[in-house]
Amino acid sequence: MPNDTPSTALITNDIVILGLIAATLGAVFWTSSLASFRKFYSIVPALLLCYLIPGLFNTFGVIDGEHSKLYNPVASRVLLPAALVLLTLSIDLKAVLRLGPKLVAMYVTASLSVVAGGILAFLLFKAVHPETVAGDTWAGMTALAGSWTGGGANMLAMKEIFQVDATTFGQFAVVDVGVGYVWMAILIFLAGRSAAIDARSGADTRAIDELKDKLAAFKAQHSRVPTLTDLMVIVGIAFGTVGLAHWLAAPLSAWFGANVSWARSVSLHEPFVWVVLISTFVGLGLSFTRARTLEGAGASNIGTLLLYFLIAAIGMQMDILALFDRPWLYLLGLVWLAIHILLLWLVGRLLKVPFFYFAIGSQSNIGGPASAPVVASAFHPALAPVGALLGTLGYATGTGLAYALGLVLRSLAE
């Protein structure tokens, strides 16, 4: 929460700050689309700049994120639950199951291996280098787990639920991008060699070939240019649900806090937890209705747009210079990812799955819906929706998995 000390920042008007943040995001995405900047963005991901540039504004006194109300309540209490609704709206659970039990098994294994990897990495560093996991590191790991089992919205939800310090969150955001994008680059490189990998492992790829044809037909059938009515309905569903969630959260949290003995141990006495849960489950419920067709009009794109404003609002609170105080966190992230890769590889070998299943199972968790389609399309353009589908599924499962990991890590840290 903002403190009472007057701000000395150059810009203190939140409306002006909002304009600055919007212009910054626009500049990042515009330049990332230009051929002349392609080499730069192959080294420095656009997502990282969306965190770091607002952080630089805060670090050097252009703005003061601590005093701004853009993050709390605007971004965290309004835009975050709205993004959750729109990003879960497009989930097709039946389609995921039709993709085959081995692909689903790899996705589930990838999610669970992130949770197991977080616990094992925490215990390892607690034994060999306790300083790495001291203080509120467990909370930062929980936020990172939200990203690595779901996406940015889940990461931000964990930040709020476990009240992760902004600087700690920023440090793990950099670990997320730094470690995660290196892994994505490796997967893209190996995608070009998937045929040789599958030949050595003896994997059956016929299902993938059939899937390419089905997905190409589905995309052609449902894609459309959004109308004003489509956009109004999308916005109405998103922010209508936010209003409903906030209306129900206060009495539900009060009732659980007063009448359920274990509610406080899992934070069900906190209204914001209910806002996140209600928003997620409303989105899931709508995914079984005709509302899911709004994805063809860009529902998830609007959700992602809101998500990037959330990311920038988080960056506004970071002290960039503090990111270099704990370089061991990068090693923690690498060890964590290595455990995830090893466990997923072992299950993949046992099931003799195509390398595509391994890659997309991992990237749909570690990278989420923003980058999973990129890796999927490296195998074949028609497979990009598979990455989007599994990546989006993480928005529904990531919050629960990361929340469970957070409870475990918090107990281990005590």
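The entries below concern a predicted model.

**Entry 1: helix packing.** I looked up how helix α6 (residues 101–128) lies against helix α16 (residues 355–366). The crossing of α6 past α16 is right-handed.

**Entry 2: contact residues.** I then listed the residues that make this contact. From α6 I noted Lys-102, Leu-103, Met-106, Tyr-107, Ala-110, Ser-111 and Val-114. The α16 side contributes Tyr-357, Phe-358, Ile-360, Gly-361, Ser-362, Ser-364, Asn-365 and Ile-366. By class, I found nine nonpolar residues, five polar and one charged in the contact of α6 with α16.

**Entry 3: aromatic pairs.** My search of the whole structure returned 14 aromatic pairs. One of them joins Phe-37 and Tyr-41, with 6.4 Å from centre to centre and 50 degrees between the planes, and is tilted. Phe-37 has 34% relative accessibility and so counts as partly exposed. Tyr-41 has 15% and therefore counts as buried.

**Entry 4: Trp-183 and Phe-358.** Trp-183 belongs to helix α9 (residues 166–191) and Phe-358 to helix α16; the pair links distant parts of the chain, 175 residues apart. I noted both Trp-183 and Phe-358 as buried.

**Entry 5: aromatic cluster.** Finally, I found that Trp-183 and Phe-358 belong to one aromatic cluster together with Phe-355, Phe-356, Tyr-357 and Phe-379.

Conventions. Residues numbered from 1 in each chain as written. Predicted model: local features only at pLDDT ≥ 70, side-chain atom pairs only at ≥ 80, totals over all residues. Heavy atoms only, no water. Left-handed = near helix turned anticlockwise from the far one by under 90°. Helix = DSSP H or I, 4+ residues; strand = E, 2+ residues; numbered from the N terminus. Contact = heavy atoms within 4.5 Å. Nonpolar A, V, L, I, M, F, W, Y, C, P; charged D, E, K, R; others polar. Phe/Tyr/Trp six-rings, centres within 6.5 Å; stacked < 30°, edge-to-face > 60°. Buried < 20%, exposed > 50% of the residue type's maximum accessible area, 1.4 Å probe, protein only.
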